[in-house]
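Here are my notes for a first look at this structure. Have it open beside you and follow the points in order.

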Amino acid sequence: MATGKSKRGPRFARLLLAGNSADPLVVLRSATWNYNSVGLFAGNEALVVDPGLSPAELALLHARLVTAEQPPEPRRINHLILTHAHHDHIRGGCSFEGARTWMPRIAAEKGPEARGRILAAGEALGKRIAAEPAGYSWPQVTDPFDTEAQFVLGDSLEVRMHFLPGHSNCTSVVVIPALATLLSADYLVSPGVPFCRHEARMFEGALVGLRELVERYEIERLVPSHGPMHLGRDKIHEAIASDQSVMAAMRQAVRGALDKGLDKQQVMAAALAAADKDRGQTAGRLAAQDTDNARRILREEQDIA
Ligand SMILES: [Zn+2]
């Protein structure tokens, strides 16, 4: 089948949600990694959350937030939230000078070695997409927080941040209660293939915490930093449950295989087979993440054994 086009077609950034006065949430889908930059406006103020990834995309997000619904004066982007310190999420952090910058303290206070590693990964991405934001560097965080933080946007719209480590040791999520909306950072980016880049046990705890936040705030719309939004409370709980179920199936398989005295390779195979069975399909293009999850669980179960 030689159509001359790649199967996915050309890739451009586009607004998944343009935002209006009734629903002032702006979601910009990047041309890269199905990444979602988020913005919010109220009155004469705007907020950006994990803005990225290219200068053109940052400019598009900025323009939309400043002028959406034709405010009497261009809005000021007064707040920037960085959910965690992974390089794609901090990428636009330098493009909103003058904004109060909120970030979990443990993320904001990463040491020189970690900062160097994260920024280098960001530079590699910049080369790959041939675009780097001007002044790309470690963000200047004015408002680090430990467990929770909140502010009011435009005198009316409450924005809350909750520290929820597990995807990384420094991840948080954002809630906009009046919009029944939760911005989940890298949770639920690929339900059924948990996106754990830290400790499996902590990730499992984060899924429980996420479920609690969804109930507490009666969330109906969950926007992850990559991939499709999850709409409706039932769909959100389904997505959480599928990650929980795969993690539990893998952990059980690892325990069983260790009890039988199987070698590492066999334990890993058992874990991956259990995940496939639980999901009803392989991890496909996310196979590397699947293997990574199995390895993280094995490490924890070996420590117990
Ligand atoms: Zn991440």
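1. Helices (H or I, at least four residues) and strands (E, at least two) are DSSP runs, numbered from the N terminus. With that in hand, look at E10 and E11, which pair in the antiparallel sense over three bridges. Across that pairing, isoleucine 176 sits opposite threonine 181 of E11.

2. Before going on, some ground rules. This is a predicted model, where local features need pLDDT of at least 70 and side-chain atom pairs count only at pLDDT 80 or more, while totals for chains, interfaces and linings use all residues. Residues are numbered from 1 along each chain as its sequence is written, and side-chain values use heavy atoms, with hydrogens and water left out.

3. E10 and E11 belong to an open sheet of six strands, in the order E8-E9-E10-E11-E12-E13, with mixed pairing. At its edges are strand E8 (148-153) and strand E13 (230-231), each of which pairs on one side only.

4. There is also an open sheet of seven strands, ordered E1-E2-E3-E4-E5-E6-E7, again with mixed pairing. Its edge strands are E1 (14-17) and E7 (143-145), each pairing on one side only. Neighbouring strands here are turned by 25° against each other on average, direction ignored; the axes behind that angle are lines fitted to C-alpha atoms, for helices over the stretch in contact, with angles running from 0 to 180 degrees between N-to-C directions.

5. Let's walk through part of that sheet. Strand E4 (residues 45-49) runs parallel to E5, and five bridges join them; alanine 46 has isoleucine 77 of E5 as its bridge partner. On to E6 (residues 100-104), which pairs with E5 in the parallel sense over three bridges, with histidine 79 opposite arginine 100 in E6. E6 and E7 also run parallel and are joined by three bridges, and there tryptophan 102 has aspartate 143 of E7 as its bridge partner.

6. E4, helix H1 (residues 55-67) and E5 form a right-handed β-α-β unit. Right-handed here means that, with the strands pointing away from the viewer, the path from the first strand over the helix to the second runs clockwise. As for E5, five of its six residues are buried, where buried means under 20% relative accessible area, exposed over 50%, and partly exposed in between (1.4 Å probe, protein chains only).

7. A cis peptide bond joins glycine 52 and leucine 53, with omega about -15°, and leucine 53 lies in the loop between E4 and H1. Aspartate 50 is also in the loop between E4 and H1; its phi is near 45°, a positive value in a residue other than glycine, and aspartate 50 is buried at 1% relative accessible area. Tryptophan 33 has a positive phi of about 60° although it is not a glycine, and at 32% relative accessibility it counts as partly exposed.

8. Last, the largest nonpolar core has 32 residues, of which Leu182, Tyr187, Leu188, Leu210, Ile219 and Ile240 touch the most other members. Such a core is a set of buried Ala, Val, Leu, Ile, Met, Phe, Trp, Tyr and Cys residues joined through side-chain atoms within 4.5 Å. H6 gives the largest share, eight residues.

Methods: Pairing = 2+ DSSP bridges.
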